[in-house]
Amino acid sequence: MTRVEKKMWLAGLTAALVFASGAALAQQGSDAPLMKGDAPPDWKYDGEAPGTGKVLPRGWEAEPGVTAPPQIPHDVTGLAITPEANACLGCHNPQVAPSVKAKAVPETHFREDPYDPATKQAELNGNRYYCPQCHAPQANVKPLVKSVFK
């Protein structure tokens, strides 16, 4: 297992543990800490529509060549993103992206194994169809908690 694979496995395990603990707290009823407090304030996406946002920087770089997925600089409300119909590919398909000045989906997303170029396939990997799972749409929101991350 490579370093990147180990990091991805650890990140997946951490996410599963966080999800499981949140689900357990939610099952405890209205006294659970997750059920107390005010609802987050209303928010809106920064970009008005696809094609209107500016290119955003990646959030972090773990090591050279290992970076956070690019952020989505436009509104994704109402875009169909399902295994059968992925509206993102309308602009971000590698064959279309240059003509509409969009960032193309990388070749790794068209591989059965993202680390093995020999597993390239014609269609988007079915594990990667839901773009906002990794690519966070950016919104104009006030942080709920002060960040001390630097």
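A disulfide is defined here as a pair of cysteine sulfur atoms within 2.5 Å. By this rule the structure contains zero disulfides. Cys-91 is in no disulfide, and the nearest cysteine sulfur, that of Cys-88, is 9.0 Å away. The sulfur of Cys-131 is 3.7 Å from the closest cysteine sulfur, in Cys-88, which is too far for a bond. Cys-131 is buried, with a relative accessible area of 18%. Cys-91 is partly exposed, at 32%. Buried means under 20% relative accessible area, exposed over 50%, and partly exposed in between (1.4 Å probe, protein chains only).

The model is predicted: local features need pLDDT of at least 70, side-chain atom pairs count only at pLDDT 80 or more, and totals for chains, interfaces and linings use all residues. Residues are numbered from 1 along each chain as its sequence is written, and side-chain values use heavy atoms, with hydrogens and water left out.

The protein chain has three helices and four strands. Their order along the sequence is α-β-β-β-α-α-β. Helices (H or I, at least four residues) and strands (E, at least two) are DSSP runs, numbered from the N terminus. Of the 150 residues, 15% count as buried. Contact means heavy atoms within 4.5 Å. Among contacts between residues at least 6 apart in sequence, 46% join residues at least 24 apart.

The accessible surface of the protein chain comes to about 11700 Å², and 59% of this belongs to carbon and sulfur atoms. Areas come from the Shrake-Rupley method with a 1.4 Å probe; for residues, only the protein chains shown count as cover. Met-1, Trp-9, Leu-10 and Leu-13 form a nonpolar surface patch, with about 470 Å² of accessible area together. Patches are made of residues with over 30% relative accessible area and no salt bridge; like charges are joined within 9 Å, and nonpolar side chains (Val, Leu, Ile, Met, Phe, Trp, Tyr) within 5 Å. A salt bridge is a side-chain nitrogen of Lys or Arg within 4 Å of a carboxyl oxygen of Asp or Glu. Leu-10 lies in helix H1 (residues 3-27).

Leu-79 sits in the loop between strand E3 (66-67) and helix H2 (89-92). Leu-79 is partly exposed, at 31% relative accessible area. Leaving aside residues up to four places away in sequence, Leu-79 touches His-74 and Ala-87.

One aromatic pair is present. The ring centres of Tyr-129 and Tyr-130 are 6.3 Å apart and the planes are at 65°, so the pair is edge-to-face. Rings of Phe, Tyr and Trp (its six-membered ring) pair if their centres lie within 6.5 Å; planes under 30 degrees apart count as stacked, over 60 as edge-to-face and the rest as tilted. Tyr-129 is partly exposed, at 27% relative accessible area. Tyr-130 is also partly exposed, at 40%.
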